[in-house]
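Welcome! Please have a look at the chain below, and then let us walk through some of its local features together.

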Amino acid sequence: MSEAVRSLGTYYLQTYGCQMNEYDSELISWMLEQMHYAPTDDPATADIAVFNTCCIRDNADQKVYGRLGEFKGFKRDNPNQVLAVSGCLAQKDGEEFLQRFSQVDVVVGTHNLTEVPDLVQRVQRGEGRFVRVERVGDSFSLLANPRNTHSAMVTISMGCDQWCTFCIVPYVRGKLKSRPLEQVVSEVKRVVREGRREVMLLGQNVNDYGRDLTPKKDFGDIIRALKGTPGLDRLRFMSPHPAYFTQSVIDALADNPATCGGIHLPVQSGDDEVLKRMRRKYTSAEFLDLVARMRAAIPDLSLSTDIIVGFPGETEEQFQNTLELVRQARFRNAFMFSYSPRPGTPGNLFTDQVPEEVKSDRLQRLIALQNEIAVEENRMLEGQTIEIMVEGRSKKDATRLTGRGRCGRLTHFQCEEDLTGRLARVRIQKAFVWGFQGELEACESRLGEWSLVPPAPSIPVVA
Ligand code: SF4
């Protein structure tokens, strides 16, 4: 917000869940700043507090409910505070939020986010409490967060038609709705013109894009249309579905130099029977074949994944098949979870739920294996130099900067100068499960101009 504009007050925003929610939160904060509210880390004194929620996993619900309790106290001391709940959980529970929590003023579902400013102002004028969860008003014409000067997220589709039996997304986000290709391309070009060098294309099932458009399009069309966009250094996307990775999409990614090799490819299980019950539409052999084709086409491919253990009916033997797939696929990183039944999904109705202690034991064994693989994979880069985009200061150590390689790995290095938004070449000194600690060799002094710090030997950039 411009310093010349006097702030009307402060807002506190807490985000739960996935990348889509992060994006929605960017929109919410941008809208609140347009209302001349400034961000604060202090929930007790904020004039507006927003919980952007997720209901994909049970503990996310519980965290939100628990945290809302604290706001009852804040509101006693700060009675003009407006408390809003948005996102998936708001979509799912709707009116129930107002009944259960007297401190909540506004409930806004995933399709009505742009109504937040109006509803907050109506509460401030004393017009009552409001719920908006109708499935209308989806808007793709949203600006990326102006505070992030180097990276932008651009939504290409909303919703999902896959109905995986463990997932609540299609129930709360609705059916696939793709944004016209021309709109996506022109928004990417606009954010790049404004200085963003990295773009993340977002969708619940990003590579199912365009099936609902007339004429039909596919995800490869976007990647091809963005090839050669001046200033677009890094192109990422989240989240694809393995069953929709056609050869044409792989070829389009391989042919666009901006494509980053760090790709997230959620496998969920390595057992064919479990995959079938999850309604995932691929077998473990098909998944591994896809990984091999992607590695052949994209030489710097570095995969991360999602895995659920203890899906209903999963036997020890079936779990072993997941471990075997993990050994073969060699993911750089994995988000690993115990299955948590979500009310309203078919998985919740399966009667052969796996006991909690079995799930927890399997999860520990999976994490131990995946951590071993991640460190082995990361150690292969020790002593080499990677090009990272600097994201800012490390939250744990202000003397260090942090950023990501094209492979998606987090890298920390010591640096006094703030290089946020610039590219830097960093020599990997030590590999960890989460990424690297390195030493700065060179950085851009200005966009596209490199200087060595200090004069460094020329080591090839590998990731
Ligand atoms: S494809 Fe992804 S978002 Fe869609 S139902 Fe399956 S897990 Fe959920």
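The report below goes through a sheet, a helix, a ligand shell and some backbone details of this predicted model.

## The three-stranded sheet

Let us begin with an open sheet of three strands, paired in parallel in the order E7-E10-E11. Strand E7 (151–155) and strand E11 (234–238) form its edges; each has a single partner strand, so one side of each has no neighbour in the sheet. On average, neighbouring strands here are turned by 20° against each other, direction ignored.

Between E7 and strand E10 (residues 198–202), which run parallel, there are five bridges. Met153 has Met200 in E10 as its bridge partner. Helix H7 (residues 181–193) packs on this sheet, where it touches E7 and E10, and its direction makes about 165° with that of E7.

## The buried side of H9

Which residues of helix H9 are buried? In this helix, which spans residues 247–255, they are Val249, Ala252 and Leu253. These residues lie on the same side of H9, because they cover an arc of only 100° around the axis. As for the packing partner, the buried residues of H9 pack against helix H8 (219–226).

## Around the ligand

The ligand has a shell made up of Cys160, Gln162, Trp163, Cys164, Cys167, Val169, Pro170, Gln204, Asn205 and His241.

## Backbone details worth a look

If you plan to check torsions, here are two cis peptide bonds. One joins Thr214 and Pro215, with omega of about -10°; Pro215 sits in the loop between E10 and H8. Another joins Met238 and Ser239, again with omega of about -10°, and Ser239 belongs to the loop between E11 and H9.

Positive phi values are also found. His36, which is not a glycine, has a phi of about 70° and is placed in the loop between helix H1 (19–34) and strand E2 (37–39). His36 counts as partly exposed because it has 13 C-beta neighbours inside 10 Å. Lys281, also a residue other than glycine, has a positive phi near 70°; its place is the loop between helix H10 (272–278) and helix H11 (284–297). With 14 C-beta neighbours inside 10 Å, Lys281 is therefore classed as partly exposed.

Technical notes:
Residues are numbered from 1 along each chain as its sequence is written. This is a predicted model: local features need pLDDT of at least 70, side-chain atom pairs count only at pLDDT 80 or more; totals for chains, interfaces and linings use all residues. Two strands pair if DSSP finds at least two bridges between them. Helices (H or I, at least four residues) and strands (E, at least two) are DSSP runs, numbered from the N terminus. Axes are lines fitted to C-alpha atoms, for helices over the stretch in contact, and angles run from 0 to 180 degrees between N-to-C directions. Two residues are in contact if their C-beta atoms, placed from the backbone, lie within 7 Å. A residue is buried if 20 or more other C-beta atoms lie within 10 Å of its own, exposed if 12 or fewer, and partly exposed in between; C-beta atoms are placed from the backbone. The arc is that of the directions from the helix axis to the C-beta atoms. A residue is near a molecule or strand if its C-beta atom, placed from the backbone, lies within 6 Å of it.
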